[in-house]
Amino acid sequence: MKELKANAGFPIEPVYGPEDLAGVDVDRDIGRPGEYPFTRGIHKHMYRDRVWTMRQYIGFGTPVETNARFKYLMAHGQDALNVAFDLPTQLGLDSDDPRSEGEVGRVGMAIDTLADMEDAFAGIPLDRVSVSLTINGMAAPITAMYYAVAEKQGAAADRVVTTPQNDILKEFVARGTWVYPVDPSLRLVGDLIEFSARHYPRANPVSVCGYHIREAGCTTAQEMAYGLAIAAAYVELMLARGIAVDDFAPRISFNFTAWGKIFEEVAKFRAGRRLYARMLRERFKAANPKSWMFRSLIGGGGSAFTVQEPENNIVRGAYIALASALAGAQTMALPTYDEAYTIPSPKAQLIALRTMQICAEESGAADTVDPLAGSYYVEALTNAMEKQIATELAHVERMGGIVEAIRSGAIQAEVARQAYLFEQRIASGEIPKVAVNCHVGDKPAEADREIELYSFDAKVAEAQLARLERTRAGRDGRAVHAALGRLRDEARGGGNLMYPIMDAVKAYATLGEIARAMRDVFGEHKEAVKL
Amino acid sequence: MKVLIAKPGLDGHDRGAKVVAQALRDAGVEVVYTGLKRTPDEIVQAAIQEDVDVVGLSVLSGAHLLLARRVLDGLRDNGAGDIAVIVGGTIPPRDVDELRALGVRRVFPMGTQLPEIVKAFKELPG
C-alpha cells in the first residue's frame with residue numbers, strides 16, 4: 001500500500017473509523033455552527049441565509065480602465081470588489097518616480113492622488129458595495145483616499161464597508177511590499193485599525209493573510225499557525241494602546257488559501273476557527289462572541305495552477321471553490337486559468353466568477369452547514385491539523401515570537417526551505433501534478449502560445465503621468481506643503497498618523513509625497529537576507 | 001562556478017529566486033542572493049564585486065524586458081560583458097526570443113522544472 005502524507009506532514013491512513021475520534025467531546029470540540037468554538041463555522045445557517053461574497057481580484061492600467069472592469073464584473077453578478085494596485089502604488093512611489101519606470105499600471109491600477117481614487121470608484125456607490133483593498137505598506141494613505149472618496153460621494157461613514165489588507169507582517173515574510181522598518185510599519189497598522197474602529201465601524205481594517213505565506217511555500221499547518229500568530233501580534237499591538245479587545249477584534253478578518261487536498265484544507269479551517277476562538281476568549285479575554293469569530297476570505301492559490309494545458313486550471317479552480325465552500329468561507333475569490341501567463345482576460349475572470357456561482361447554485365455544496373462534520377476522516381484530520389498548528393506555534397515561540405522571528409528573517413528562511421522541499425517533491429513525482437509530472441504522454445506539454453495575453457500598453461504610463469501633472473498643477477501647493485509638514489511632525493511624535501494623512505490626501509498630496517514624509521522620519525526597512 | 005541570484009525592480013515575489021538559489025547551492029555552486037528590490041545598477045555592482053560567472057534575474061512583475069536590458073547594458077558598460085545573464089519568472093512565450101536577442105543566455109519561463117534550471121546553469125560555457 002502506498003504511504004501518503006498530508007501537506008502538513010502527518011500521515012493519511014487508508015481508513016478512518018470511530019476509534020479515530022477517541023477523546024473527542026462533541027459539545028466542547030465540535031459544537032454547533034454559529035457557536036463557540038465555531039469549528040463548524042461562524043454562522044448558524046451559513047449559506048442558507050446568505051451565500052458567500054464573490055470577490056475577484058482585479059486592477060490594471062489606469063483607474064479609468066479598472067473602473068470599467070469593475071463594472072463588467074458587477075454586471076455579471078459579482079457583488080463585491082477586490083482591488084489590485086500596481087507596484088509603485090504598493091511601495092509609495094509616484095508614477096513619475098524613476099524607480100516606477102516600466103511598472104506603472106502593470107500588475108494593478110496606478111494611484112497617485114485622490115483624483116485617481118475618485119476615477120476608480122466613479123459610479124460605484126461606496127455605501128452599498130464592499131471593497132477589499134490589497135494594500136499593505138501603503139494601507140494608511142490608500143485607505144485614507146478611499147474614505148475621502150466615500151465622504152465625497154456622501155456615503156455615511158457607518159455604511160462604508162472596506163477591507164484594506166493592512167497586514168504588514170506577512171509582507172515581510174512573503175510578497176515583499178514593505179517600506180518602513182518593522183516598528184513604524186506596525187505603528188501604521190495600529191493607526192489604521194484604531195482610526196477605523198473609531199470612525200468607520202463597518203470597515204475591516206486588517207485582513208490577516210496566511211494566503212501569501214502559503215503561496216511563498218509554507219505548509220498548510222504553517223499557513224494557519226503563522227496567520228494566527230500574526231493576528232495575535234496585532235491584538236497585542238492594540239491592547240498595548242489601551243484599546244479594549246472587543247472594540248476592534250470583531251472587525252479582524254482573514255485571507256487564506258484552499259488549494260491542495262480538499263479534506264485537509266477543510267480541516268485546516270475547522271481547526272483554525274477553533275484555535276482562534278479559544279485564543280481570543282481565553283488568552284485575550286474577549287467577551288463579545290463576534291471577537292471570537294475567524295471570518296475568512298478563502299480561495300486563491302495560483303500556485304496550484306499550471307502553465308501546461310492551462311484549461312485544466314478551470315477544473316482545479318472548481319475544486320478550490322468546492323473546498324472553500326465546504327470550509328465555510330465568508331468570501332471567495334479564485335485565481336483565473338490564465339494566471340500563470342498574464343493579467344486575467346475578461347473571459348478568464350468571468351469563468352472564475354461562473355465557477356463560484358455554479359458551486360453556490362448548482363452543486364449543493366451550499367445546501368447545509370459544514371456538511372463534512374461527523375466524518376471520521378474529517379474530524380480526525382481536524383484534530384491532527386490542530387495538533388500540528390500548535391506544534392508550529394510553539395516553534396514560532398522558540399524563535400522569539402512572530403515579530404522577532406520575522407525581524408530576524410527566521411520565518412522567511414523556513415518558508416523558503418519548505419518551498420524548496422515542495423519543489424523537490426514535484427520533481428520526484430511524490431506530489432503529482434497532471435500534465436506536468438504525470439500523464440504527460442511522450443513529452444511534457446509546452447507553454448500555450450495561443451492563450452490571450454493582456455497586452456500591456458506603454459500609453460498607460462503616459463496617461464497616468466499626464467493625469468498626475470494635471471492634478472499637481474490644479475492643487476493648492478501651500479496647503480499640500482503644510483499638510484505634509486504636519487504629517488512629518490506627527491510621525492516624529494506619537495499621535496495617530498491617519499489624521500494628518502487624511503488632511504494631506506484631501507489636499508491632493510501625492511502618495512509619493514506622503515510616503516516620503518514618513519520615510520524622512522522612519523527610514524527604510526533593511527531585509528535580513530537568509531538562505 | 002559562482003552565481004548571483006538577483007531580484008531587480010519592485011517585485012516582491014522571491015519564492016522562485018530562493019528555490020533556485022538553494023538548488024544551485026545543493027548542486028555545488030557558490031550562490032549569492034541580493035534580496036528584494038535591487039536596482040539594475042546595484043545588481044551590476046554586486047556582480048562585479050562578487051566576481052560571479054552568472055547573474056540570474058528573477059522577475060515576476062512583467063517588467064523583465066526593461067530590467068534585463070538595463071542589467072546587460074550595465075555589465076557591458078562596466079567591462080563585465082563576459083558575465084552571463086539568465087532570466088526566470090513570469091515570462092510570456094512571446095518575450096523569450098526578445099530576451100535572447102538582447103543577449104540573455106537562457107530564459108526560464110514559469111513552469112520550468114527545477115532540474116532543468118540547475119542543468120542549464122552547470123552547462124553554461126565559462
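Some ground rules come first: residues are numbered from 1 along each chain as its sequence is written, and chains are lettered from A and ligands numbered from 1 in the order in which they are written. Since the model is predicted, local features need pLDDT of at least 70 and side-chain atom pairs count only at pLDDT 80 or more, while totals for chains, interfaces and linings use all residues; side-chain values use heavy atoms, with hydrogens and water left out.

Helix α19 of chain A covers residues 511-522. (Helices are DSSP runs of H or I with at least four residues, strands are runs of E with at least two, and both are numbered from the N terminus.) From its first C-alpha to its last, α19(A) reaches 16 Å, close to the 16 Å expected for its 12 residues at 1.5 Å a residue; the expected span is 1.5 Å times one less than the number of residues. Nine of those 12 residues are buried, so α19(A) is largely enclosed by the rest of the structure. Buried here means under 20% relative accessible area, exposed means over 50%, and partly exposed is in between (1.4 Å probe, protein chains only). Among the buried ones are L511(A), I514(A), M518(A) and F522(A). They pack against several helices of chain A, including α5, α7 and α16 (459-474), where contact means heavy atoms within 4.5 Å. Just past the end of α19(A), G523(A) takes a positive phi of about 75°.

Two of those partners also meet each other. The axes of α5(A) (residues 139-153) and α7(A) (residues 182-199) come within 9 Å and cross at roughly 25°. That makes α5(A) roughly parallel to α7(A). Axes are lines fitted to C-alpha atoms, for helices over the stretch in contact, and angles run from 0 to 180 degrees between N-to-C directions; under 35 degrees counts as roughly parallel, over 145 as roughly antiparallel, 65 to 115 as roughly perpendicular and the rest as oblique. Residues that meet here include Y147(A) of α5(A) and F195(A) of α7(A).

Chain A also has an open sheet of five strands, ordered β1-β9-β8-β7-β6 with parallel pairing. Its edge strands, β1 (53-54) and β6 (206-209), each pair on one side only. Strands pair if DSSP finds at least two bridges between them, and β1(A) and β9(A) have two. M54(A) has M332(A) in β9(A) as its bridge partner.

Over in chain B, Q49(B) lies in helix α2 (residues 40-49) and is exposed, at 68% relative accessible area.
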